[in-house]
Amino acid sequence: MSDVTEDAVTGAKVFVLPSGSVPINPHITLMVDTIKPLICQLVEEANLLKMWISFLIPKIEDGNNFGVSIQEETLGEIRTVESEAASFFDQISRYYMTRAKLVSKVAKYPHIDDYRRTVVELDEKEYLSLRITLSEIRNHYATLHDMITKNMEKIKKPRSTNSIEAMY
């Protein structure tokens, strides 16, 4: 008699789902396939900008460092963009891992509708998150473009060649 109550309380192990495999959300997959190359491109281009500006920084000297400070501030913004873009990759993999865990819960406990609903909610959340990510990619490009074009002279030549002559 105790075997009957234990079987009724514990969840059944499910190795094969009755309907076969659980498909991934095709809308999310399409968005991920579109956005991932854009994230990768942003990371690569930020890295190129970082290297370009790093090579333009002159040797350390006393005085006349205003242009160098502009270069360093621009480098800081580029590093931020690069870091945030890399975190977008983590977000995508975390979504798939979380969804896989939820789907396995649905398979193990098919009688609990909350797990099924959570999968739908997670997909909707990821959809919105990917849209925000796409907007952030656009914003990062716009911010870097604005910062670099406004300060192009100081980035290319952080110190004027006639700084001593300008003092007299």
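Colleague: Which residues is Leu130 in contact with, leaving aside its neighbours within four places in sequence?
Modeller: Ile28, Met31, Val32, Ile35, Gln91 and Ile92, where contact means heavy atoms within 4.5 Å. Bear in mind that this is a predicted model, where local features need pLDDT of at least 70, side-chain atom pairs count only at pLDDT 80 or more, and totals for chains, interfaces and linings use all residues. Numbering runs from 1 along each chain as its sequence is written, and side-chain values use heavy atoms, with hydrogens and water left out.

Colleague: OK, and which residues touch the most other members in the largest nonpolar core?
Modeller: Leu130 again, along with Ile39 and Ile137, out of 26 residues. A nonpolar core here is a set of buried Ala, Val, Leu, Ile, Met, Phe, Trp, Tyr and Cys residues joined through side-chain atoms within 4.5 Å.

Colleague: Which helix gives the most to this core?
Modeller: α3, with 11 residues. Helices are DSSP runs (H or I, at least four residues), numbered from the N terminus.

Colleague: Switching topic: is Ile78 buried or exposed?
Modeller: Buried, because its relative accessibility is 0%; the cut-off is under 20% relative accessible area, with exposed over 50% and partly exposed in between (1.4 Å probe, protein chains only). Ile78 sits in helix α3.

Colleague: What does Ile78 touch, not counting residues up to four places away in sequence?
Modeller: Ala46, Leu49, Lys50, Ile53 and Leu144. The C-alpha atoms of Ile78 and Ala46 are 5.9 Å apart, though 32 residues separate the two along the chain.

Notes. Helix = DSSP H or I, 4+ residues; strand = E, 2+ residues; numbered from the N terminus.
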